[in-house]
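Please keep the sequence and the structure open while you read.

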Amino acid sequence: MTRRTTAPLALALLGLLILFDHATSDLNPYRAPPMLALGSGTAAVGGFCGALPQ
Amino acid sequence: MTAVVASPALARPALIAGALAAVLAVALFAGARFGLLLAIGLGFGMVLEGLRFGFAGPWRAMILRREPGGILAQLLAIGLVAVAAFPLIAAHPGEIGGAAAPIGWAMAGGAFVFGAAMQVVLGCGSGTLVNAGSGNPVGLLALPFFAIGSFAGAYHLMWWTGLGALPVLVLEGTGGLMLTLGLLAAVAVVVLALAAPGTRRVPGRLVLAAALVAALAVGNLVVSGQPWGVVYGLGLWAAKGAVALGADLSGSPFWAAPGNAARLQASILTDVTTLTNLGLIGGAFLIASWRGLGQALPKLPLRAWIATAVAGLVLGYSSRLAFGCNVGAFFSGISTGSLHGWVWFAAGFAGSFVGVRLRPALGLEGRA
């Protein structure tokens with residue numbers, strides 16, 4: 001067996017993750033934040049591994 | 001997929017088209033910021049896999065063979081990011097934030113354990129993603145356990161942090177930048193002094209990689225308003241899985257906090273670290289496919305696969321206690337002024353000394 005099996009398997013698993021997630025949550029590009037945080041005037045609110053819960 | 005990979009002339013345009021289509025789809029259906037973040041993640045994956053820029057491998061090379069090139073490249077990349085990040089954070093408070101986190105007992109212990117575990121599987125936070133994307137079965141097996149560990153570590157984070165932590169300490173402004181660059185230079189001098197004769201140089205590909213990684217990290221900061229990170233996204237994936245299986249996360253101060261609870265409800269395609277993680281895997285896949293995926297999988301003993309799964313769990317759990325992995329704490333922490341990044345570096349490197357000795361004992365030295 002070679003990486004021709006395992007590399008596509010990694011992508012397939014990501015595809016399943018995205019499909020599963022899409023079934024449980026919605027996407028709405030009209031609620032998306034501005035393209036760049038810099039200059040947007042809005043606070044950064046993304047999850048980050050260094051952040052304590054607020 | 002196999003047929004496409006078998007024909008490079010067909011595969012390369014198809015791979016590029018696939019990556020562009022993914023970026024466009026995310027931009028179209030989730031928003032332009034999120035498409036850009038996926039593109040940045042793809043860039044990270046392509047650079048790390050294509051130019052062999054990493055974290056665990058260079059630390060191992062320094063410990064076992066006293067080869068400093070990889071670590072020096074890391075220090076260069078961190079310094080380059082710092083030069084851009086310090087003024088950005090100072091000039092745009094709120095819009096742009098650093099990787100600030102408190103130093104504490106659990107933080108330092110987590111970094112030590114992470115350093116050991118990343119040497120067992122030879123994959124750190126970013127490395128595990130890149131390895132999985134390039135078809136390395138050790139990385140592929142470690143990844144889901146990394147996610148589960150990250151979820152569990154976040155669940156218990158406040159208990160661990162309660163064992164004792166200092167206030168968040170951050171270097172800021174021009175003075176902070178100068179001190180950070182001075183400390184990076186001092187570490188480089190120490191590393192060079194310890195290096196084996198004839199190894200005191202940084203290969204050109206690693207200098208290029210350091211510049212590209214730094215540019216992408218600054219891009220991540222400008223687009224998302226936060227530094228490059230890995231482990232939050234992995235924990236979020238497992239948390240969503242736990243909720244789907246009926247778990248009640250309201251008892252966790254971390255997952256029940258408003259921001260995290262909102263992200264559990266939202267699509268992962270709007271989560272910053274998820275998008276760069278997906279890109280890392282995809283970018284590594286693209287480069288590995290470009291090179292060819294004919295490499296045979298290693299024949300490892302059962303204990304090596306068990307050790308990989310356990311190490312994956314430990315990587316995820318410990319990186320949460322440490323407020324990040326080699327990316328979120330070491331790379332992004334130092335480059336944005338957080339002193340916990342320096343403590344992470346010292347503790348993680350000490351743990352790596354243990355990890356390089358554990359690896360052969362666990363049967364993982366036979367990797368192809």
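In which hand does α1(A) pass α12(B), left or right? The crossing of α1(A) with α12(B) is left-handed. Bear in mind that this is a predicted model.

**Helix packing between the chains**

- From α1(A), the contact uses Leu14(A), Leu17(A), Phe20(A) and Asp21(A).
- From α12(B), Trp237(B), Lys240(B), Gly241(B) and Ala244(B) take part.
- Sorted by class, this contact of α1(A) with α12(B) has 5 nonpolar, 1 polar and 2 charged residues.

**Salt bridges**

- Side chains of opposite charge can pair when their charged atoms come close.
- Asp21(A) and Lys240(B) form a salt bridge through their side chains, at 2.7 Å from N to O.
- The rule finds 1 salt bridge across the interface of chain A and chain B.
- Over all chains, a search of the whole structure finds 6 salt bridges.
- Asp21(A) sits in helix α1 of chain A and Lys240(B) in helix α12 of chain B, so this pair joins two chains.

**The interface as a whole**

- The size of an interface is often given as the accessible area lost when the parts come together.
- Chain A and chain B bury about 4,600 Å² between them.
- Carbon and sulfur atoms account for 69% of that buried area.
- On the chain A side, Arg3(A), Phe48(A) and Cys49(A) lose the most area to chain B.
- Together, these three residues make up 17% of what the chain A side buries.
- By contact, 45 residues of chain A touch 74 residues of chain B.

**Helix packing within chain B**

- Helix α6 (residues 105-120) and helix α17 (residues 339-361) both belong to chain B.
- Their axes come within 6 Å and cross at roughly 40 degrees.
- With that angle, α6(B) and α17(B) are therefore oblique to each other.
- α6(B) passes α17(B) in a right-handed crossing.
- The contact of α6(B) with α17(B) has 15 nonpolar, 7 polar and 1 charged residues.

Key. Residues numbered from 1 in each chain as written. Chains lettered and ligands numbered in written order. Predicted model: local features only at pLDDT ≥ 70, side-chain atom pairs only at ≥ 80, totals over all residues. Heavy atoms only, no water. Left-handed = near helix turned anticlockwise from the far one by under 90°. Helix = DSSP H or I, 4+ residues; strand = E, 2+ residues; numbered from the N terminus. Contact = heavy atoms within 4.5 Å. Nonpolar A, V, L, I, M, F, W, Y, C, P; charged D, E, K, R; others polar. Buried area = accessible area lost by both parts, 1.4 Å probe. Salt bridge = Lys/Arg side-chain N within 4 Å of Asp/Glu carboxyl O. Axes fitted to C-alpha atoms, helices over the stretch in contact; angles between N-to-C directions. Parallel < 35°, antiparallel > 145°, perpendicular 65-115°, else oblique.
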